[in-house]
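Welcome! Here are some notes to read alongside the structure, point by point. Please keep the 3D view open as you go.

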Amino acid sequence: MRDSAQRTRATAVITVHKYEPSAYDEEAEGPALTRIHVEESFSGDITGDGGVEFLQAAWADGSASFAGIERVTGQLGGRRGTFLLQDAGTVAGNIVSGDWFVIPGSGTGELAGLRGEGGFRANLGEGAQVHLDYWFE
């Protein structure tokens, strides 16, 4: 891990353009399992587009736990390329939140060598506030 002084914090807002859930395992008791395809865009210190596939366990009360992998195509810190984020989070009440990290070795173009970790938070149906503390190897 790098010292936090060597990291740069990027903040952005995510706007969801497509949200396509597809249940694949629904039992009479316990959580339902769902695949969710999401297409979104980033604005702020991170700009560009993202495509993510989530796997989610959702309970009848609306709470959920999810994990996903997202490819981001755009710019970060004035550099262009792509990178992958691995996400994990929860839905509780009207709040979706979680953590993510850049999958090591996933950066392309000017984003080769990108590393980072951060998180996200949003009210359901609104743009997510996100941050990524990043560095280059």
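1. Let us start with arginine 115, which at 24% relative accessibility counts as partly exposed, because that class lies between buried (under 20% relative accessible area) and exposed (over 50%), taken with a 1.4 Å probe on protein chains only. Please bear in mind that this is a predicted model, where local features need pLDDT of at least 70 and side-chain atom pairs count only at pLDDT 80 or more, while totals for chains, interfaces and linings use all residues. Residues are numbered from 1 along each chain as its sequence is written, and side-chain values use heavy atoms, with hydrogens and water left out.

2. What does arginine 115 form a salt bridge with? The partner is glutamate 137, and the closest N and O atoms are 2.8 Å apart. A salt bridge here is a side-chain nitrogen of Lys or Arg within 4 Å of a carboxyl oxygen of Asp or Glu. Arginine 115 sits in strand β7 and glutamate 137 in the segment after β8 (128–136), so the pair ties together parts that are 22 residues apart in sequence. Strands such as these are DSSP runs (E, at least two residues), numbered from the N terminus. Glutamate 137 is exposed, with a relative accessible area of 60%.

3. The structure holds 4 salt bridges. One of them joins arginine 7 to glutamate 117, with 2.9 Å between the closest N and O atoms. This pair links distant parts of the chain, since arginine 7 is in the segment before β1 and glutamate 117 is in strand β7, 110 residues apart. Is arginine 7 buried or exposed? With 16% relative accessibility, arginine 7 counts as buried, whereas glutamate 117, at 31%, counts as partly exposed.

4. Another salt bridge is formed by lysine 18 and glutamate 39, whose closest N and O atoms are 3.8 Å apart. Here too distant parts of the chain are linked: lysine 18 belongs to strand β1 and glutamate 39 to strand β2, 21 residues apart. Lysine 18 is partly exposed at a relative accessible area of 32%, and glutamate 39 is partly exposed at 32%.

5. Next, follow the strands. β2 and β3 pair in the antiparallel sense over 11 bridges; two strands pair if DSSP finds at least two bridges between them. They form a hairpin with 1 residue between them, and serine 41 stands opposite aspartate 49 in β3. β3 also runs antiparallel to β4, joined by 13 bridges. In that pairing, glycine 51 stands opposite arginine 71 in β4. The hairpin of β3 and β4 has 5 residues between the strands, and glycine 62 in the turn has a positive phi of about 95°.

6. Finally, the largest pocket has a volume of about 520 Å³. Of its 23 lining residues, the closest to the centre are Val16, Tyr19, Phe54, Val96 and Leu124. A pocket is an open set of points on a 1 Å grid over the protein atoms alone, where a 1.4 Å probe fits, with protein on both sides within 12 Å along at least five of seven lines; lining residues have an atom within 4 Å of a point. The volume is the space filled by probe spheres set on the points, which are joined across faces, edges and corners. β1 gives the largest share of the lining, 4 residues. By class, the lining has 14 nonpolar, 5 polar and 4 charged residues, where Ala, Val, Leu, Ile, Met, Phe, Trp, Tyr, Cys and Pro count as nonpolar, Asp, Glu, Lys and Arg as charged, and the others, Gly among them, as polar.
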